[in-house]
Amino acid sequence: KNQITLRIVVEHTRIFKKRKEDKMSKKEPHVLDIKKDKNYAWCQCNESEGQPFCDGSHSKTDHQPIVFKSDTSKEVALCGCKQSKNAPYCDGTHLSL
């Protein structure tokens, strides 16, 4: 009986871990062009279907998007791992995850 219980616990743990990995954030930045004076809302909750930008899915979480505007049109690397200390911009944290 203990072996069966242990197998069930191990299997549930494996399934939970797999679901968590499936929902995990990207382990690299989103490199894209942003336009001068346009407002952007970077998704902080990782629930948005339109990563890296917010689609309102955070309403079921405790997170809020980070709204930002660029003073120039340029290519940027937006954080994909959601761990950057310089969000919404990538700071390389994904390299240590």
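Select Gln-44 to begin: this residue is partly exposed, with a relative accessible area of 32%. The terms used here are buried for under 20% relative accessible area, exposed for over 50%, and partly exposed for values in between, with a 1.4 Å probe and protein chains only. The model is predicted, so local features need pLDDT of at least 70 and side-chain atom pairs count only at pLDDT 80 or more, while totals for chains, interfaces and linings use all residues. Residues are numbered from 1 along each chain as its sequence is written, and side-chain values use heavy atoms, with hydrogens and water left out.

**The surroundings of Gln-44**

Gln-44 belongs to the loop between strand E2 (39-42) and E3. Helices (H or I, at least four residues) and strands (E, at least two) are DSSP runs, numbered from the N terminus. Next, select His-63, which is 19 residues from Gln-44 along the chain; the two C-alpha atoms are separated by 6.3 Å. Apart from neighbours within four places in sequence, Gln-44 is in contact with His-63, Gln-64, Pro-65, Ile-66 and Lys-82. Contact here means heavy atoms within 4.5 Å. Show also the backbone oxygen of Gln-64, which the side chain of Gln-44 reaches at 2.5 Å.

**The cavity**

Where is empty space left? Rolling a probe the size of a water molecule over the atoms shows this. On a 1 Å grid over the protein atoms alone, a cavity is a set of points where a 1.4 Å probe fits but cannot get out, and lining residues have an atom within 4 Å of a point. Grid points are joined across faces, edges and corners, and a volume is the space filled by probe spheres set on the points. The count comes to one cavity of 30 Å³ or more. To see its lining, select Cys-43, Gln-44, Cys-45, Ser-48, Cys-54, Asp-55, Gly-56, Ser-57, His-58, Gln-64 and Pro-65.

Most residues other than glycine have a negative phi, and most peptide bonds are trans. Now select Asn-46, in the loop between E2 and E3. Its phi is positive, at about 70 degrees, although it is not a glycine. Is Asn-46 buried or exposed? Asn-46 is buried, with a relative accessible area of 15%. Then move to Pro-88, in the segment after E4. The peptide bond from Ala-87 to Pro-88 is cis, with omega near 15 degrees.

**Ser-70 and its contacts**

Select Ser-70, in the loop between strand E3 (66-69) and strand E4 (74-78). Ser-70 is buried, with a relative accessible area of 4%. Its side chain reaches the backbone oxygen of Thr-72 at 2.5 Å. Beyond residues up to four places away in sequence, Ser-70 touches Ile-34, Lys-35, Lys-36, Asp-37 and Lys-38. Of these, select Asp-37, found in the loop between strand E1 (30-34) and E2; its phi is positive, near 65 degrees.

**The salt bridge**

Finally, select Lys-26 and Glu-28, which form a salt bridge with their closest N and O atoms 3.8 Å apart. A salt bridge is a side-chain nitrogen of Lys or Arg within 4 Å of a carboxyl oxygen of Asp or Glu. Lys-26 is partly exposed, with a relative accessible area of 31%, and Glu-28 is partly exposed at 43%.

Conventions:
Polar contact = N/O pair within 3.5 Å; in protein donor to acceptor, adjacent residues only side chain to side chain. 1 Å grid on protein atoms, 1.4 Å probe; cavity = no way out; pocket = protein on both sides within 12 Å on 5 of 7 lines; lining within 4 Å.
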